[in-house]
Amino acid sequence: MPTEVVPSVAVPSQAPPSQSRSLRRAAVGWRLSGLVLALAVVVLVALTSLAVGAKPIAFDTVVHQLLHYDGSDDGIIVRSLRIPRTLLGLAVGAALGLAGALMQALTRNPLADPGLLGVNAGAAAAVVTAIGVLGVTNPMGYVWFALLGAALAATVVYLLGSRGRSAATAVRLTLAGTAITAALTGYISGLVLLDPQTFNGYRFWSVGSLAGRDLSVLTAVGPFLLVGTVCALALARPLNALALGEESGRALGAHLGRTRAIGVVAVTLLCGAATAALGPVAFVGLTIPHIARALVGPDQRWILPYSMVLAPILLVGADIIGRVVARPGEVEVGIVTAFLGAPVLVALVRRTRVAQP
């Protein structure tokens with residue numbers, strides 16, 4: 001009786017556990033190396049910011065003044081003018097990058113902006129009120145009003161987005177933020193058009209600039225930036241679960257309501273403090289997370305720190321460009337980031353465009 005021959009089927013073998021661990025370690029090592037390289041670029045950009053300006057200063061002179069201050073003209077420029085604006089640029093850049101990555105993860109919208117919760121509009125409305133109604137003229141006074149306005153606007157948006165039987169969702173928060181932003185924008189426009197003096201004071205703040213800021217501004221907003229950074233970095237794992245969808249996120253043990261609430265607080269602190277310190281600065285929080293995502297993939301445990309490190313490079317680099325192209329004057333950093341960020345964003349969108357069926 002003939003024997004039946006059963007054809008063999010090749011079963012794809014999975015990589016052994018030791019090989020999988022090696023691949024994971026290699027990926028982690030590559031990402032850590034990239035992060036260290038980005039930090040080195042941050043240091044280089046910071047030193048360049050100390051050397052470049054209306055009066056160029058040699059790098060060795062900058063290092064000498066940092067280590068051995070002698071009270072010379074170069075030392076005064078480095079210590080009194082350029083160090084404060086550079087430190088503030090690094091801190092605000094990190095905050096905007098982190099807020100942008102967090103906002104895009106919370107809403108699962110790659111085009112989400114940190115100001116989507118009405119934070120920027122709330123800060124701007126408070127500053128306009130301070131100038132036009134209360135007669136505040138000191139830029140340091142703008143900081144506290146901007147922080148208060150950002151907090152109030154974000155609180156109203158969250159209350160509107162979580163009202164009703166269902167908890168706050170990304171869509172509800174986005175719609176509430178858009179509505180509040182539109183209402184506050186109308187209020188701002190009406191107030192600045194009715195009072196020319198208010199318009200003159202507001203327009204210098206609204207363009208976004210590092211010029212004229214001293215360490216007192218960084219001291220004022222620093223605690224808010226620190227708390228917001230800790231809250232944002234703590235959400236990396238819950239945000240990875242949220243990216244899989246609400247049902248899958250709950251199945252993985254993520255508390256979606258708590259994650260969104262903490263995320264709103266973190267975005268408010270980061271974006272509100274950054275806007276209070278410099279004024280509105282566009283495209284940093286929108287563009288940088290895309291670059292981070294292209295480098296390290298979708299894992300929020302890497303996107304958040306990468307965004308936090310890459311954003312200061314863009315912001316301080318834009319400040320350097322603004323000082324060079326209009327020497328001995330300067331172009332405000334908010335204008336330069338718009339020129340730099342818009343083409344980068346367009347290129348990223350074209351690169352990641354999905355073909356329609």
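What follows is a conversation about a predicted model of one protein chain.

Student: What share of the contacts join residues at least 24 apart?
Tutor: The share is 73%, taken among contacts between residues at least 6 apart in sequence.

Student: Let's pick a helix. What should the 23 residues of α5 span, at 1.5 Å a residue?
Tutor: Helix α5, residues 139-161, should span 33 Å. Its end C-alpha atoms are 33 Å apart, so the two values agree.

Student: Which residues of α5 are buried?
Tutor: They are Gly141, Tyr142, Val143, Ala146, Leu147, Gly149, Ala150, Ala153, Ala154, Val157 and Gly161.

Student: What covers them?
Tutor: The cover over the buried residues of α5 includes α4 (119-132), α6, α7, α8 (215-234) and α11 (256-278).

Student: You mentioned α6 and α7. At what angle do their axes cross?
Tutor: The axes of α6 (residues 170-194) and α7 (residues 196-206) cross at roughly 120° and come within 5 Å of each other. That angle makes α6 oblique to α7.

Student: Which residues make the contact?
Tutor: From α6 there are Ile188, Leu191, Val192 and Leu194, and from α7 there are Pro196, Thr198, Phe199 and Tyr202. By class, seven residues in this contact are nonpolar, one is polar and none is charged.

Student: How far is alanine 179 from leucine 116?
Tutor: The two are 63 residues apart in sequence, and their C-alpha atoms are 10.0 Å apart in space.

Student: What about asparagine 200, where is that found?
Tutor: Asparagine 200 is in helix α7. With 36% relative accessibility, asparagine 200 counts as partly exposed. Its side chain has a polar contact of 3.4 Å with the side chain of arginine 203. Isoleucine 131 is 69 residues from asparagine 200 along the chain, with 9.7 Å between the C-alpha atoms.

Student: Switching to α11. Is threonine 275 buried or exposed?
Tutor: Threonine 275, which lies in helix α11, is buried, because its relative accessible area of 3% is under 20%.

Student: What does the side chain of threonine 275 make a polar contact with?
Tutor: One partner is the side chain of asparagine 120, at 2.9 Å.

Student: Which residues is threonine 275 in contact with, leaving aside neighbours within four places?
Tutor: Those are Asn120, Ala123, Trp205 and Pro280.

Student: Now the loops. What is the phi of phenylalanine 283?
Tutor: Phi is near 75° there, a positive value in a residue other than glycine. Most residues other than glycine have a negative phi. Phenylalanine 283 is in the loop between α11 and α12 (284-296), and is partly exposed at 23% relative accessible area.

Student: What kind of peptide bond joins arginine 327 and proline 328?
Tutor: It is a cis peptide bond, with omega about 10°. Proline 328 is in the loop between α13 (300-325) and α14 (333-351). Most peptide bonds are trans.

Key. Residues numbered from 1 in each chain as written. Predicted model: local features only at pLDDT ≥ 70, side-chain atom pairs only at ≥ 80, totals over all residues. Heavy atoms only, no water. Axes fitted to C-alpha atoms, helices over the stretch in contact; angles between N-to-C directions. Helix = DSSP H or I, 4+ residues; strand = E, 2+ residues; numbered from the N terminus. Parallel < 35°, antiparallel > 145°, perpendicular 65-115°, else oblique. Contact = heavy atoms within 4.5 Å. Nonpolar A, V, L, I, M, F, W, Y, C, P; charged D, E, K, R; others polar. Expected span 1.5 Å × (residues − 1). Buried < 20%, exposed > 50% of the residue type's maximum accessible area, 1.4 Å probe, protein only. Polar contact = N/O pair within 3.5 Å; in protein donor to acceptor, adjacent residues only side chain to side chain.
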